[in-house]
Each structure stands twice: as structure tokens, then as C-alpha cells.
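Visitor: I would like to learn how to read a structure like the one below. Please take me through it feature by feature.

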Amino acid sequence: MKKRQVVTSFIVVDSFAFVRNHWAGVSGSIEEQDKNPLERALTEIKEELALNRDSVALIRPGKPLTFLSKELETEWTVFPFLFRLLVEPNQIQLDFEHVDKKWIKVEELSTFETVPNLREALERVYLPEFVHKGLIDMSNDRNSGAQQLADKALEVVRQLVVSKALRGDNISIEGYLEKIRIIGWHLVKIRPSMQAAISSTLSVVYNTISQATKEGDISLDIFEKQVSESITTFRRESRESLHKLNVQFLATLFSPLFAEASDDSKAQHYSIMTISYSSTVFGVFCMLCHQVLIAPIDHKLDIYIMESRPLNEGSLGLAAKLDDFLAPSANNPKASARIRIQVITDASCAYFMPKMTHVLLGADHISGVDGSVVNKIGSLNLALAAKHFDKKVHVVSRLDKVYGVEEEEVEENEPVEVFVSYGGGFEKCLARKRVEVRNIYFDKVTPDLIDGYITENGHLLLEDIQSFWGDRQKLVTALLDL
């Protein structure tokens, strides 16, 4: 049995896709010298259409499609890509391999005699407009955390179902589920560093609706209603899990706050350091501040927040939101006497570390394999400083952040976010191209630097995280293993 890997590219202008005779996409076999499938796709576009790389823009790659051709005794793996044409269509020149070309509407593809599985390949990259806009929004969103992005992904699915945009001619429930899986794959892959929460959210909902379809024949109307209800239920349970996490956080790390006042009661002075903005960390801090304010004992709480350059989510996000939360207590003398919030530079975390009683990290991704944590850049420095001064580090996160190993792809963003504060004169250095500004968004904290994970299920250790992932992995595979 032969195995061949090929690329197939679809080029769009507005709502049209390009295919060629007997009819196919712009295709070609991946060769040994190709760095990756995308490199081969661009090569084929140049060879077959006489378009250079500046003539097209990659919109998205799709999940590879593998199928068996019994006639040719070949197992094919197709890597689909979707490009946008940036030049006039009349600049396309066919090479000697082709006899004709035709611009068609996507829905017309079924009327053409095509190479095997061409429609399946196209459906893996050509998505409904609402999904396309949702993916762009998620890709460009630098303010939302992983849970907020997961909810955006869930909203894309909900809107698709409500609008009935996934319905086609005589579509079956199985075909509907397959379309949800394809869209889910793209929603997960759009932000590699955030995919843990997104995949967990979508896989739980997908599992719920796929199980419901096995109970008997149902109409599309009932199926779509079930999908919408499943999303509503998941969101309610998600809020409940956050409350459980908040309770577990206080019970695990701050139990003295619940003590009744007595002659031998001792006031506690807590000093906590964290980095960036995490909605989960913000939630536990709000409950912690509330408990400090209502405690009958005069406890003190100092929260040190690393500013988290370059976008300063620590100061503009977490510190500002905590200040807003405490604003109604401004006239309460206990508030200013008991609670202090300090923003510090990222580089000064070691300077302040000796006085800390707790070090907290949020998480964008907890590896279900080895327990390492991916979080905002600077988290590793914070954990290393904590260990140097023998301070315990706890990760505060819901279990939906537990996923397999992290993606190899490093999320690096625009350098201007970093050098905008340097002043106009620095642009001269950049113009001479001897100085490069790097803007890495995330780093990894290894499990040897972590003392425990505070979750909705309580205080967990590495083996607990691995056990949880062993169960959750089956759901994620059902969604993403197309």
C-alpha cells in the first residue's frame, strides 16, 4: 500500500473558489526538500498559476484529511489551505498541466466531477462567515484570558446553531456534528497557547450533544435546541465551578480567616504576589478581600501585582479591577487599614519576594502529562524567585485548563507593543536592522517549581492532574480527531 501526502489549495475572491480540470484544487505532492506543507502549497500556486507569494494571503490551514483510494492502492493525506487572491484574476496563467480553469460559487462544487474528497477538503477550510469573523476576533484579542476566549468560541457555536447556518441540503445529524467538529478544530487551533480551555469547553459540550443523538432519531430542530440548551447548561455549571474554586482556595490557604475572635486569636498578615491578569485569580482575590474585611480579627492583606509588560495586564487589568471591587468600601476604615494593593515592575519580583507568604499563578494551560504550566511571560521568573527564597508556589485554575503537552509553536506578537514606550528615537535603531525587539507572550513553569494546584476539586498534586487528564483526553480526542 502506497502512501502519498499532497497539498490542496483553494483561492477565494469574495465568495468564489478556484478549482481546475478534473476538477481539483491547486495540488501537488509534498517533496523531501519542502520545509512544511505550506511551503509546498505556495510552490504549487507559483508553478501552476504563475502567482508569487505576494499575490496570495493565507487565510487558514485545515485539519489534514486522510482517505484510501482502492483503485490506486494508495492512502492519501491531503493538507488543505485557503488563500485570498490579492491581485486581479486575469494575472493567473495556467501551466502545461492544465487545460481549463473556472471560478465558481462554493455551493456549486457538487455539480462538478472532481478528484476524490475535494468537497471534504474544502469544507475543512472554507467556513461560514460568522465563524471566520469569530476566528479573527479571537486571534487579535490580546486582553481576554483563556476562559474568556473559550466562552467566545462557545458563542460562535451557539450563534451558528441559532442562525441555522450549518444546515445544508438534506444534511443529517451526523453531518451536522461533523461540521461542528471541523469548526471546533479551528476554534481550538486559532490561539495555541490558549487551546487548553477552548478545547476542554468545546469537547464537554460536544460530548453532551453527541450522546444525546444516540438516544434515537431526532429532527434538526430538536437537535439544534439540544445544542443550545447544552451550552446554557455548561455556562451555568462553569459559574458554579468558579464558586467551588473560590471556596477551595480560601479553605486551603487562608483557613485562619474563618476563626472566631477570642482572647488567643492572632491576626494574620498575608503578603501575596502574582503576575498579569487572570479572571480566576481576580475571582479568588475578590473573595479573599471580602473575607478579610468581614473577619472579626484585624487581619492584614498586601497584594503585590507584577505589571506584566508590554500590555501591563497586571496594573491595567488586575490592580484596576480589584480597586473597582473595593471602591464601595472606600468609606470603610477597615478597607484602607487592612488591604493594600501594590503594582511592581516585573524585574523587581525578587526584591519583594522575601516578605511574601504566598505566590500565586494563574494558568493558560496545565499539562496533563507532566503538570507544567503555561502562563504569561514572567511567570517562570516569579516561580524561580519564589523557590530561591523558599516560598511556596500555587497554581489557581479550573480544571478546564488541563490539556496534553503544549504546542511547539511560540506565540510571539508585534514588537511595537514593546518599543512604543521607548520614544521615537529608538525607531532609528530598528531601521538599521541591527537591533531586534522580541515580544514573547508566554513561558512555561515546570512542575518542580509548583507546590500544588488549587482547583474546583480542591488542592491537587501532580498525580491528580495526570489522572484527570487521563479521563478528559477521551472527550478532547472525540472532538478533534477528525
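Visitor: How far apart do the C-alpha centres of domain 1 and domain 3 lie?

Guide: In this predicted model, the C-alpha centres of domain 1 and domain 3 are 46 Å apart. The division behind that value has domain 1 at 2–124, domain 2 at 129–242 and domain 3 at 247–469.

Visitor: Next, the pockets. How is empty space found?

Guide: A probe the size of a water molecule is rolled over the atoms, and this shows where empty space is left. Here the largest pocket holds about 980 Å³ of space, and the second largest pocket has a volume of about 800 Å³.

Visitor: Which residues lie nearest the centre of the largest pocket?

Guide: They are Val 106, Arg 119, Glu 123, Tyr 126 and Lys 179, out of 31 residues that line the largest pocket. By class, this lining is made of 14 nonpolar, four polar and 13 charged residues.

Visitor: Which domains does the lining of the largest pocket draw on?

Guide: Domain 1 and domain 2 each give at least three residues to the lining of the largest pocket. At the level of helices and strands, β4 (56–61), β6 (74–85), α2 (118–123), α3 (129–140) and α5 (173–189) each contribute at least two residues to it. The most comes from α5, with five residues.

Visitor: And the second largest pocket: which residues lie nearest its centre?

Guide: Ile 59, Arg 60, Pro 61, Lys 189 and Ile 190 do, among the 30 residues of its lining. That lining divides into 15 nonpolar, seven polar and eight charged residues.

Visitor: Which element gives the most to the lining of the second largest pocket?

Guide: For the second largest pocket it is α3, with five residues. At least two lining residues come from each of α1 (37–49), β4, β6, α3 and α5. Among these, β4, β6, α3 and α5 also each supply at least two residues of the lining of the largest pocket.

Visitor: Last, the helix pair α4 and α5. At what angle do their axes cross?

Guide: The axes of α4 (residues 146–163) and α5 cross at roughly 150° and come within 10 Å.

Visitor: Why are α4 and α5 called roughly antiparallel?

Guide: The cut-off for roughly antiparallel is an angle over 145 degrees. The crossing angle is roughly 150°, and α4 and α5 are therefore roughly antiparallel to each other. As for handedness, α4 passes α5 in a right-handed crossing.

Note on methods: Residues are numbered from 1 along each chain as its sequence is written. This is a predicted model: local features need pLDDT of at least 70, side-chain atom pairs count only at pLDDT 80 or more; totals for chains, interfaces and linings use all residues. Side-chain values use heavy atoms; hydrogens and water are left out. On a 1 Å grid over the protein atoms alone, a cavity is a set of points where a 1.4 Å probe fits but cannot get out, and a pocket is an open set with protein on both sides within 12 Å along at least five of seven lines; lining residues have an atom within 4 Å of a point. Grid points are joined across faces, edges and corners, and a volume is the space filled by probe spheres set on the points. Helices (H or I, at least four residues) and strands (E, at least two) are DSSP runs, numbered from the N terminus. Ala, Val, Leu, Ile, Met, Phe, Trp, Tyr, Cys and Pro count as nonpolar, Asp, Glu, Lys and Arg as charged, and the others, Gly among them, as polar. Domain bounds come from an automatic or database domain assignment. Axes are lines fitted to C-alpha atoms, for helices over the stretch in contact, and angles run from 0 to 180 degrees between N-to-C directions. Angles under 35 degrees count as roughly parallel, over 145 as roughly antiparallel, 65 to 115 as roughly perpendicular and the rest as oblique. A crossing is left-handed if the near helix is turned anticlockwise from the far one by less than a right angle, and right-handed if clockwise.
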